[in-house]
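Have a look, then we'll go through some questions and work each one out.

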Amino acid sequence: MTFPILSIIVFLPIVSGAVLLFLPSERRDLIYRFALGVAFLTFLLSVLVYFGFDIEGARYQFMEQYNWLPALGISYFVGVDGISAPLVLLTGIVIFTGVIISQRIDDRPREFFAFLFILASGVFGVFVALDMFALFFFYEIAVFPMYLLIALWGWKKTREYAAMKLTLYLFIGSVIALVGALAMYFASGLQTFNMLALEGAGFSASFQQLWFPFVFFGFAVLGGIFPFHNWSPDGHVAAPTAVSMFHAGVLMKLGAFAALRVGIMLMPEGAAYHLPWIILLSLVNVVYGAFIAMTQTDAKYMIGFSSVSHMGLVMMGFATLTYDGFVGAGVQMVSHGVMTALFFAVVGMFYDQTHTREMGKLGGLMKVMPFAGVAFIIGGLVSMGMPGFSGFIAEFPIFMGVWRSYPLVAIIAVISIVITAAYILRAVSRIFFGDIPAELEGHLHDIRPSEKLALGLLAFVLVSIGLFPGVMVPMIESGVNHINEIVHLIGGA
Amino acid sequence: MTTETLIWLVPLPPLLAFFLILLFTKQNNRLSHLVGVGAAFLSWLLGMLVFVAAVATEHFGEHPFASSVGWLPLGGDTFSIGVLIDPLSAITLFFVAWTVLMIFIYSIGYHNFGQPKGDHDVPGLPPHGAKVDGHKVPSIEPLYARFFAFIALFAFGMFTLVVSDNLLTLFVGWEIMGLCSYLLIGFWYAKPSAREAAKKAFMTTRVGDVFMLLGIVALYSATGTLNFREILYDNHMLMMLASVDSGVLGLSAAGLIGLLLFIGTVGKSAQWPLHVWLPDAMEGPTPVSAMIHAATMVSAGVYMIIRMFPLLSAGWHAGGDLTATMTTMAFIGAFTALFAATIAVTQRDIKRVLAYSTISQLGFMVAALGIGAYISAAFHLVTHAFFKALLFLGSGSVIHGVEHGVLHTGEDIDPQDMFNMGGLKDKMPTTFWTFLIGGFALSGFPLITAGFWSKDEILADAFANGHMAVFLTLALAALLTAFYTMRQITLTFLGKPRSKSAEHAHETPRTMTMPVTVLAVFAVAAGWVGIPEHFPLIGGLLPNWFHDFVGGTLFEHPEAVEFNMIPLLVSLGVALGGLALGYLVYRNASAEDPLRKPLGKLYTILENKYYFDEIYDRIFVQPAKRFAENFSYLFLDRDVIDGLLHAVARASFSLGAIFRNYFDLPVVNGSGDFTAALTQRFGRILRRVQTGSVQQYMLVAALVTFGGLFYYLFRVLQ
């Protein structure tokens with residue numbers, strides 16, 4: 001038997017979370033070190049998966065399959081392909097940096113880290129699941145701790161409202177998706193939740209047209225698709241830093257990923273049928289999110305709405321059903337994940353000192369925390385789609401795909417790039433340049449070395465993909481090539 | 001080392017300098033400028049070697065220097081990036097290398113190297129001067145080292161753009177310059193006007209950039225390549241693109257792609273209607289960044305469309321009807337040339353006159369390309385880069401001299417206002433003579449200046465091919481050009497000083513006068529390489545090298561236009577007439593512009609630049625903000641979508657209550673409805689959370705964790 005690396009990645013966090021609860025709560029130092037050790041190990045494992053993935057090899061790798069409820073055709077079945085391996089790496093990066101950022105959490109750190117790890121397990125589980133039931137199972141595991149993390153550790157002003165809103169949206173979304181999934185299960189007649197088997201089930205066109213929206217929109221809620229995006233900025237703002245990073249960086253990818261895996265890949269004809277709608281909605285996401293981000297004065301709200309805009313590009317890439325669009329969307333998921341994690345990390349760092357995120361009340365932070373400033377600017381350049389950074393590598397193919405199918409949509413969507421530049425420049429100049437406000441003068445200090453390490457790692461990923469797209473694009477292409485065999489993308493070989 | 005290797009190396013020294021200065025030498029001003037200038041010199045040297053090798057190659061157009069490597073895997077095949085030096089990029093590299101090196105050297109003097117630190121100087125503001133032995137003297141720029149880092153990065157962007165063999169890396173260089181222009185215009189970031197100008201420049205050019213990006217995307221979708229030679233030399237493909245309908249505005253695919261790319265140039269080269277950023281960009285350190293924006297970056301926009309000319313003009317043949325895209329270019333170029341020239345006539349700020357003149361001259365090039373005058377456009381690009389660089393550096397020298405007077409006298413006047421100058425001819429002789437040469441070149445002073453030859457060629461081409469509207473518009477613009485140039489020279493250098501500061505102005509250091517002298521040589525000599533063969537008397541004495549060399553870039557060598565007396569006489573007339581008028585009107589000017597009275601209202605309109613800033617603010621900026629804030633965010637997002645959500649939440653609560661009270665309790669007694677149960681479940685969790693009882697939620701966590709695990713293990717073992 002081969003080394004079950006995926007199962008270890010999936011269960012290491014949740015088991016460690018359980019172990020954490022047995023540590024004495026007053027030993028904060030020990031708790032943090034333990035959490036950091038686990039997070040680092042998880043990160044290393046995700047790196048192993050990423051670099052161990054053989055691009056020339058089989059479609060799914062590191063596969064494991066055990067019976068779970070054989071009577072119902074449910075199995076524990078995991079594996080990664082060229083799309084999900086980068087997402088596993090993304091999750092590893094975000095959990096590791098998220099734990100570093102949370103070193104100073106003073107309210108019940110033990111429970112905080114425990115929930116964070118449960119969340120991580122759920123996320124890993126969704127990315128590697130090849131069984132539809134397992135996917136839903138892990139999906140719920142990921143959503144559940146979000147509620148507690150936000151409601152307990154969040155921003156006092158809105159946390160209860162935001163936590164409730166988020167949970168309701170996501171649960172309702174997943175229930176709708178589940179209905180669609182069950183419809184597939186019964187219609188296939190295969191008595192299995194195995195997604196590889198379901199791919200060949202040959203659902204009729206009318207069946208696909210009817211049920212595709214259930215699955216796609218059910219999951220796309222988590223991806224923040226318009227008009228079901230409102231839970232997300234509120235959630236980002238209310239969540240503590242590490243959770244915001246997870247939330248925007250990874251959790252929203254979960255939605256887009258599941259919409260692809262369960263929706264588009266299992267019901268390609270349904271996808272093709274509903275494509276115009278989805279393009280239109282994601283176009284609204286892209287432009288509308290950018291416009292709203294421009295008006296926000298709270299840094300976290302701005303980033304939250306910018307996520308709505310950028311996630312719109314991911315869904316737009318998928319919805320084009322073109323080869324380029326899929327590749328771009330795959331890169332955009334990673335790029336946006338790392339970028340937003342970096343943004344929220346920086347905001348968290350200065351918020352700890354300034355106790356405000358109102359951009360009008362900030363200024364001159366470049367003088368006290370230049371490292372954080374430069375990292376934020378790098379994130380900003382990614383966000384604007386500057387060549388040389390990962391955002392460009394992602395957006396270029398997406399726009400190519402959109403241009404192929406709907407030139408007019410592409411023309412409208414590029415407006416968002418201009419608006420993005422506007423709000424990013426505004427944020428950078430208000431937060432980091434100008435004068436330090438009088439009431440903050442003398443209360444500020446540079447960020448800690450460990451925090452620099454975290455920001456450095458995130459920025460490194462963004463720049464590496466931007467300068468050497470060869471480190472990621474071929475892997476995502478290998479995934480798209482296999483998808484192409486079942487979905488028949490436009491422009492695919 | 002092969003020439004190809006040298007080309008790869010050309011952009012690298014400035015990039016290296018950027019990192020070296022920021023990481024290591026920031027604290028040491030001397031070391032920093034040595035690194036910066038040294039890098040510019042290395043790039044210059046490499047550029048000259050490449051240029052010489054290019055000139056020495058027979059039939060260079062067919063055998064350019066090219067090499068490439070794989071970079072971005074896209075859609076099954078790999079996207080390669082590489083370098084290409086063909087005749088067009090060779091001459092561009094030539095003028096870029098020279099002007100960049102001169103800017104670097106000039107910056108040393110301009111930022112007062114060798115002067116003491118200012119008494120109250122702060123980073124982010126221009127230096128205020130220092131007191132030494134009771135005298136006020138100029139003080140060194142507080143962020144001296146950083147300036148060299150930024151312009152080094154800028155130079156890297158420009159060199160990258162020039163040596164690129166494909167649109168994507170060209171776009172990379174293009175964007176790097178956009179970013180650097182933001183950093184440099186906002187260099188004195190503590191000045192709100194500089195911050196605003198920086199943002200405006202970045203945002204306005206960005207509007208053009210995204211359309212250019214779309215053009216690139218469209219081109220790649222249509223052809224599967226972005227390599228210049230693969231697209232521009234493939235007649236079959238160009239024909240195909242010219243005949244396929246794009247489905248947008250009735251344009252052909254080539255027409256649409258060309259139009260999108262051209263919008264990029266409209267932004268970058270400050271053409272109407274995206275011209276508004278360039279005059280404000282003069283907020284940058286006078287005049288070095290201004291010169292960068294006027295002589296280097298804006299040239300990139302024109303360079304790109306000259307480069308893509310075969311695509312822009314696909315479907316057109318010499319002498320035939322213009323394509324829709326070309327007509328657009330001809331219209332926008334000619335209109336901008338005239339429009340900006342009229343504004344330049346009324347400006348008081350010495351740099352703003354030059355800024356509008358730049359917009360106008362770029363309009364000449366765009367119009368030339370629009371009517372198919374490929375070589376004239378390239379020729380004017382080169383000569384303009386030299387004389388405009390000269391003029392900007394000269395104006396910086398003037399301002400520097402007057403600022404010196406301001407420090408000396410303590411007067412409170414604007415050192416950039418030409419009406420505060422006058423009589424500087426004797427105080428600053430080198431600056432005067434070089435500025436005069438540059439000004440005459442800009443006006444197209446006959447025979448001896450470079451500007452004459454290139455401008456004349458554009459007019460001759462427009463006339464010969466019967467584009468009379470373009471011809472007349474450009475001729476009128478040329479007349480105004482000569483007029484405002486002479487106005488500027490007269491106000492600045494001739495007559496009597498109109499302020500104490502102007503009396504006390506004196507010549508700037510050698511690090512500033514040397515670069516302008518070098519550029520002055522080119523402002524004259526650069527024209528000699530392109531004298532038409534059939535020009536009366538002197539035609540044919542020197543071979544029309546420029547035409548032969550640059551013409552080789554194209555697939556089909558363009559024919560030189562036949563010589564005609566009429567455009568020559570017109571161009572002589574407007575140049576000399578404009579200069580004479582300018583002198584006559586302004587030779588006795590006082591603090592009041594003599595044109596203000598006769599022009600009346602029109603003068604106010606021109607002075608306010610046709611109110612474009614105000615109009616844009618009214619019709620784009622404010623509505624966009626209102627749309628975003630009031631409609632999208634407050635109304636749609638918060639009122640409608642959230643309002644609906646809250647209504648649903650309230651409804652489900654009441655529905656739950658109804659079910660509970662009227663159905664559940666009396667009827668089922670114990671079971672619940674899905675909606676009600678869901679909402680109530682959360683209510684319960686929330687309540688429990690609010691008790692803050694650690695044990696309780698710990699229990700929840702543990703239960704979930706172990707429950708899930710246990711169930712899983714149980715099943716597996718079974």
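Q: Which residues in α18(A) do Gly373(A), Phe376(A), Ile377(A), Gly380(A) and Ser383(A) in α15(A) meet?
A: Keep in mind that this is a predicted model. Sorted by class, the contact of α15(A) with α18(A) has five nonpolar, four polar and no charged residues. On the α18(A) side, the partners are Thr420(A), Ile424(A), Val428(A) and Phe432(A).

Q: Are α15(A) and α18(A) roughly parallel or roughly antiparallel to each other?
A: Take the axes of α15(A), residues 370-383, and α18(A), residues 415-432: they come within 9 Å and cross at roughly 170°. Angles over 145 degrees count as roughly antiparallel. So the call for α15(A) and α18(A) is roughly antiparallel.

Q: In what sense do β1(A) and β2(A) pair?
A: The two strands form a hairpin with four residues between them, and Gly73(A) in the turn has a positive phi of about 75°. Leu69(A) stands opposite Ile74(A) in β2(A). Over six bridges, the pairing of β1(A), residues 61-69, with β2(A) is antiparallel.

Q: How many of the seven residues of β2(A) are buried?
A: β2(A) spans residues 74-80 and is mostly covered. Buried here takes 20 or more other C-beta atoms within 10 Å. In β2(A), the count of buried residues is six.

Q: What share of the 718 residues in chain B is buried?
A: Over in chain B, the secondary structure comes to 29 helices and four strands. Among its contacts with a separation of 6 or more, 76% link residues 24 or more positions apart. As for burial in chain B, the share is 54%.

Note on methods: Residues numbered from 1 in each chain as written. Chains lettered and ligands numbered in written order. Predicted model: local features only at pLDDT ≥ 70, side-chain atom pairs only at ≥ 80, totals over all residues. Axes fitted to C-alpha atoms, helices over the stretch in contact; angles between N-to-C directions. Parallel < 35°, antiparallel > 145°, perpendicular 65-115°, else oblique. Contact = placed C-beta atoms within 7 Å. Nonpolar A, V, L, I, M, F, W, Y, C, P; charged D, E, K, R; others polar. Buried ≥ 20, exposed ≤ 12 C-beta atoms within 10 Å, placed from the backbone. Pairing = 2+ DSSP bridges.
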